[in-house]
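This report examines selected local features of the model shown below.

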Amino acid sequence: MTLELKHISVSPSPFPPVEDFSLSLSSGAVYAIAGNEASGKGAVFAALTGQCLPSSGEMLFNGHPLRLKSRRAAVTQGIFPVGGPGELAPGFSVLDQLRACPGVPWRKKQAEQAAEEICRRWQIRLDIHAPAEVLPASQRFFAQLIRGMVCGADIFALWEPERLLTNLEIGKASAIARDLAAEGKIILVFTGRADVALTCENWCALLGASPVLSSSDGPRGGKELDAFMETALIPVEKKEMAVGSVALEARNLQGDGVKNISLEARYGEVTVIAGMPGREQKALAEMLAGLQPLKAGRLRLGEKDITGYSVRGRQLCGLGYLPGPGQGMGWAQGCADRENLALRKYFTSALQESGWLKMGDMGRYGDELLEKNRLPEPLTAEDRLFAAFARETDPLPEALILLQPTKGLSSRAAADMWERIYSLRLNRRAVLVITDDLREALARADRVLVLFQGEIAGEFDPGLTSIQELGLFASGERRRGGEDRFDEE
Amino acid sequence: MKNNGISYPLRRLLSAAASLAAGLSAGFVLMVFIAWKQQGSLAAGLSAAFHGGLLPLLTAGWKNGVDSLLSSAAAVMLLGLSVSFAWQGGLWQLGGPGFFALGALGAFFGFSLGLPWYVCFVFACAAGALGGVIPGLIKSKGRMHEGYATALMNWLCLWSVQAIGKSSPFPEISPLPPRWLGWGGALALCLLLMVFLKCTLPGFEIHLLGRDASVARWAGVKEGKKALLILTVSGMLAGAAGGWQLISGQLTALPGPAFALTGLGLHGLAAAALALGHPALTCAAALLVTLLSSGAGALDQNLFPPETGEGIIALILFFASILRVSAHFMREGRDKA
């Protein structure tokens with residue numbers, strides 16, 4: 001069995017394009033294509049899984065040309081995508097979706113037996129009768145992998161497993177991938193992290209065209225891959241300081257996606273709430289900011305009870321909220337930059353009088369904000385994030401909530417963002433960061449809370465905790481009060 | 001604000017021109033097809049469609065003078081502005097004809113009481129605004145989509161007004177206000193709306209809601225209250241259109257459900273769609289739609305059925321909507337990227 005991509009060029013609209021990309025793989029290969037956000041790996045994935053057709057070049061499977069017009073066509077040809085967005089429809093159980101795949105026995109019992117056998121063989125814990133939306137991210141990933149196996153796929157295209165799996169789970173997925181390769185399958189891993197690429201036998205790093213670096217470059221290549229991918233965390237100076245009193249206190253918060261959360265953010269401390277990707281992170285952030293209604297619970301900012309306050313009321317009390325790059329950044333796409341910069345102030349007497357906006361003052365305020373933060377114009381997407389941060393911290397809030405503040409940023413830009421966060425901490429403000437990057441949470445936080453399925457699964461001192469332990473809590477393998485099981489592991 | 005090197009206002013103009021060209025081309029093809037069947041040959045069909053169809057469609061509206069064209073366009077401008085204003089706030093207002101009918105009923109009521117025309121016009125605006133308040137409340141309190149709420153209100157108003165119109169004698173309207181007041185007032189309202197959206201606090205919040213509702217919520221804009229304000233103003237504008245039509249003597253009976261499918265209701269929507277919701281462009285597009293509508297009456301009656309003209313306006317609306325929807329999806333794709 002061979003798969004050949006010969007000089008393909010793909011430019012699908014949502015992905016950065018790739019040009020003249022070639023690759024040749026045969027049975028038993030576990031191959032990683034590594035690259036950051038704009039490298040073009042998404043374009044190769046899209047072409048291979050039938051999301052778009054290459055504009056030039058050809059794809060050959062066992063010597064026959066492949067023309068994949070849809071995802072279903074790719075699955076029918078034996079190419080199965082795993083981990084991409086929207087592959088498991090909400091409202092249907094994993095088993096129902098398994099039966100909808102081409103080549104899978106329609107009879108419920110047969111499909112169930114096939115899935116259970118695979119789960120037993122690789123010790124995958126998965127409730128195949130549960131609706132897809134209630135499964136944790138990692139289980140959704142393994143559910144997709146099982147679907148591929150039951151379908152009898154020959155090629156598995158794994159999309160960014162690091163987004164959905166903890167390090168321990170990545171290890172498990174790698175072991176399954178190696179077993180599948182030993183059975184003659186081809187495994188292609190598309191990743192944004194160098195360490196994940198290096199777990200595969202062969203890899204290449206992509207930058208818009210043919211590989212710029214590959215495993216054939218020898219041991220030197222591995223180190224260069226790390227530097228090339230810029231996935232290593234850049235150290236940021238963090239001064240020791242005494243933690244102050246409680247700034248933001250949430251007690252028994254309940255709402256859509258949040259079950260029963262109590263937490264505190266203290267002055268002069270960066271608290272990170274970490275967990276696997278899921279809707280509960282956004283739900284919690286929006287609940288704290290007043291964008292989502294609370295079913296139960298109390299919220300205090302300093303001495304004030306702000307439970308019933310509106311978004312603006314909370315903001316005027318000193319609670320800031322900044323969604324990260326993947327969440328819109330509080331930056332309206334159709335509005336001018338000056339209008340966006342004034343979004344936290346346009347209703348104050350500084351920028352309006354008797355309902356009339358002071359347009360000149362609005363422009364001057366934007367200019368000053370950009371100048372003070374040394375942001376050049378025109379603003380790039382990255383600059384906009386920093387401009388949004390500047391807007392949110394003018395004046396300094398008592399407590400600032402940040403949702404995924406560094407997602408999709410280069411390591412340099414992420415380090416810049418953390419420098420800004422630490423400057424808030426130096427000013428004795430409380431910072432609450434909600435993220436799905438466990439590695440970053442452990443490296444940057446003063447205190448880490450782990451979120452699992454809408455509940456706080458544990459609280460950790462980052463200096464005394466390993467990434468594996470954090471991963472166990474984030475994936476639900478371990479819960480608060482279940483120490484014995486973890487010790488056994 | 002630029003995208004692919006083309007400024008946003010220019011893109012608006014280009015998209016309006018493209019929908020107009022596409023609608024007229026499709027309409028011409030339709031006319032050629034009709035004429036070809038009747039004349040027997042393609043060449044004769046082409047010639048007949050051009051001389052008896054397209055040419056009068058584009059030129060006949062001018063024959064009665066610019067003043068007449070502008071007077072006829074006043075109500076279309078107001079109806080278009082009503083839809084455009086709602087679009088500026090990100091809402092779909094599909095109740096224009098119903099609010100128009102309510103406005104006409106308001107003026108009708110005023111005349112029945114023997115009040116002067118300007119008081120009747122205020123009655124018309126108030127009736128239209130009242131029509132807008134109801135879907136506004138349903139949207140803000142009941143969380144129902146404004147498209148459904150306004151569409152349901154539309155039919156409710158049209159049927160009710162028709163029932164009232166049948167049972168009451170149509171009053172004599174005199175003296176008539178000056179004709180220029182209609183289009184002059186519509187242009188003044190357009191300017192007022194632009195200033196409101198650009199320079200005032202509630203206008204800025206409406207503008208923000210229309211651009212990005214999630215960011216508006218994040219900035220603390222109260223979506224429900226703004227929806228109520230938008231639909232009330234929108235209803236008032238449509239009511240003003242109905243009132244003006246009655247006051248200026250262009251309406252000889254209260255409008256009923258048939259009005260929603262043909263006539264001004266469709267024209268207002270087409271003008272707003274062509275202008276992509278921009279108030280000033282809406283007025284220009286309303287003029288163009290009125291020109292086509294006047295021209296539709298001059299088509300060769302032996303060749304083309306009377307519905308052809310309205311059909312072509314519907315085609316223009318169709319292409320304008322396609323462009324609007326495709327622009328929306330293109331923007332979504334770009335945001336995801």
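Predicted model: local features only at pLDDT ≥ 70, side-chain atom pairs only at ≥ 80, totals over all residues.

Together with Phe33(B), Trp36(B) and Leu42(B), Leu46(B) makes a nonpolar surface patch of about 390 Å². Two elements of chain B, α1 (8-39) and α2 (42-59), each give two or more residues to this nonpolar patch.

## Helix α13 of chain A

Helix α13 of chain A comprises 14 residues, 359-372. From its first C-alpha to its last, the helix reaches 20 Å, close to the 20 Å expected at 1.5 Å a residue. The buried residues in α13(A) are Met362(A), Gly363(A), Tyr365(A), Gly366(A), Leu369(A) and Leu370(A). These residues lie on the same side of α13(A), because they cover an arc of only 160 degrees around the axis. On the face turned away from this buried side, α13(A) carries the exposed residues Glu368(A), Glu371(A) and Lys372(A).

The cover over the buried residues of α13(A) draws on both chains: it includes α12 (337-341), β18 (356-357) and α14 (381-392) of chain A, together with α8 (201-211) of chain B. After α13(A) comes Arg374(A), which has a positive phi, near 50 degrees.

Side chains of opposite charge can pair when their charged atoms come close. Over all chains, the count of salt bridges comes to 28.

One of these pairs joins Arg251(A) to Glu249(A), with an N to O distance of 3.1 Å. Both partners are partly exposed: the relative accessible area is 29% for Arg251(A) and 21% for Glu249(A).

Arg266(A) forms a salt bridge with Glu264(A) at 3.2 Å, N to O, and another with Glu269(A), where the closest N and O atoms are 3.8 Å apart. Arg266(A) is partly exposed at 23% relative accessibility, whereas Glu269(A) is buried, with a relative accessible area of 4%. Through salt bridges that share partners, Glu249(A), Arg251(A), Glu264(A), Arg266(A), Glu269(A), Arg447(A) and Glu459(A) are joined into one network.

Conventions:
Residues numbered from 1 in each chain as written. Chains lettered and ligands numbered in written order. Heavy atoms only, no water. Patch = residues over 30% accessible without salt bridge, like charges linked within 9 Å, V, L, I, M, F, W, Y side chains within 5 Å. Areas by Shrake-Rupley, 256 points an atom, 1.4 Å probe, with all protein chains shown as cover. Salt bridge = Lys/Arg side-chain N within 4 Å of Asp/Glu carboxyl O. Helix = DSSP H or I, 4+ residues; strand = E, 2+ residues; numbered from the N terminus. Expected span 1.5 Å × (residues − 1). Buried < 20%, exposed > 50% of the residue type's maximum accessible area, 1.4 Å probe, protein only. Arc of directions from axis to C-beta. Contact = heavy atoms within 4.5 Å.
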